[in-house]
Amino acid sequence: MITTSRKKNLTKKQIKSIFLPKVLDDNPYIKQLKLHLKKLDIELVFPDTSSSRTLFLSTVFLPQKADIIHLHWLHPFFVHSKNPLVNIIKFVIIILELIIIKIIGIKIIWTVHNIKNHENKNLALDRIYSLTVAKLANAMIAHCHVAKKEIIKKFSVKNADKIFVVPHGNYIEAYDNKIGKLNARKILDLQDSSMVFLFLGTIRAYKGVFELIDQFSQLNSDKSNNIQLVIAGRVYDDSQEITDTLKEKIAKDPRIKFFPGFVPDDRVQVYMNACDVVIFPYRDILTSGAVILAMSFGRACIAPCKGCIGEVLDEQGAFLYQIDDKKGLMKAMNSAIEKQHDLLSMGQYNFKLAQQYNWDYIAQMTADVYRHCL
């Protein structure tokens, strides 16, 4: 039994948490979580790439022992070597380190952002890592109740109580949002009177951009000539094959505009405010921060009813479709065209929903998971 004074000491003690493996410093989710956990007197350590993907014990103990090892995306542990022997050796080293960490009383927490890595690399190793970490973790964080059920099922988690639901935070204060619709369209050379669909973000296979182009090009209605599709983002790994295929498909439809390359933070507001509806043509998804981003800019959405999307979006703010319906995306786009006069109010509804997921609230929930483990 924990005494009252012991509880107070736990509450007041500064917690040291190490985020492993190394994640991108410009990841907006990590930036917001880091910023708001610091407000709660939690010391966060971000080791460099070389010391976080294999040998990280020294980082855990120096200059003082950590209280928490907080794992996020596991794929940096295993996707960088094509040599199976190297992967096996790395796996043994990493798991031994996590076992040592657990034995000496440092708590392991894993935020499960996805069931497997998006590029489907080393899937066998991916699964072994996930099952092992799920077993070792003192606590796991899911972004919604659907994700929690999926995690329990996929990773054979026997103790469901160690999985905590902490929603994905919004991006209302993370990006500038000052530019108006007309100015944004002028910058992108879009027609003022057009209805504009937007795909924004890194172009990866699982996101279904090719399918989006194909189905957009097949839209046929009285209003289809007054619609435009904007695709903005960097092709993952700068794949020349994907880039060439993308440009070839886009060249066949003058209504599609492609803005290649990384989208800097100050450019996000231009794309978001220029569009009427944001499209997420994902083939598979567990959690999507991009959906929260669109909601944070007050935009209507088109997305599959899959994973956490069905919990954060509903038919008042989105056109949802079944992911296994081959014509589902096209039907959703047609519905948006037919109801384009409702898109503004749908976006405002989404903005109100997004306000619930403020980062002070998310950070406090995360800190509560930390303290529960301690």
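Which handedness does the disulfide of Cys144 and Cys308 have? In this predicted model, the torsion about the S-S bond comes out at about -85°, so the disulfide is left-handed. The structure holds 1 disulfide, and the bond joining Cys144 to Cys308 has an S to S distance of 2.2 Å. The link ties together distant parts of the chain, 164 residues apart. Cys144 sits in the loop between strand S5 (139–142) and helix H6 (145–154), while Cys308 lies in the loop between S11 and helix H12 (309–312). Both Cys144 and Cys308 are buried.

For Cys275, the nearest cysteine sulfur belongs to Cys301 and is 8.7 Å away; Cys275 itself is buried, at 2% relative accessible area. Cys305 is also in no disulfide, with the sulfur of Cys144 the nearest one at 11 Å. Cys305 is partly exposed, its relative accessible area being 36%.

Now for the sheet. Its 6 strands run in the order S9-S8-S7-S10-S11-S12, and the sheet is open with parallel pairing. Strand S9 (256–260) and strand S12 (318–321) stand at the edges with a single partner strand each, so one side of each has no neighbour in the sheet. On average, neighbouring strands are turned by 20° against each other, direction ignored. Helix H10 (residues 265–274) packs on this sheet, touching S7 (195–200), S8 (227–233), S9 and S10, and its direction makes about 145° with that of S7.

Within the sheet, S10 (residues 277–279) pairs with S11 (residues 300–304) in the parallel sense over 3 bridges. Here Val278 stands opposite Cys301 in S11.

Methods: Residues are numbered from 1 along each chain as its sequence is written. This is a predicted model: local features need pLDDT of at least 70, side-chain atom pairs count only at pLDDT 80 or more; totals for chains, interfaces and linings use all residues. Side-chain values use heavy atoms; hydrogens and water are left out. Two strands pair if DSSP finds at least two bridges between them. Helices (H or I, at least four residues) and strands (E, at least two) are DSSP runs, numbered from the N terminus. Axes are lines fitted to C-alpha atoms, for helices over the stretch in contact, and angles run from 0 to 180 degrees between N-to-C directions. Contact means heavy atoms within 4.5 Å. A disulfide is a pair of cysteine sulfur atoms within 2.5 Å. Buried means under 20% relative accessible area, exposed over 50%, partly exposed in between (1.4 Å probe, protein chains only).
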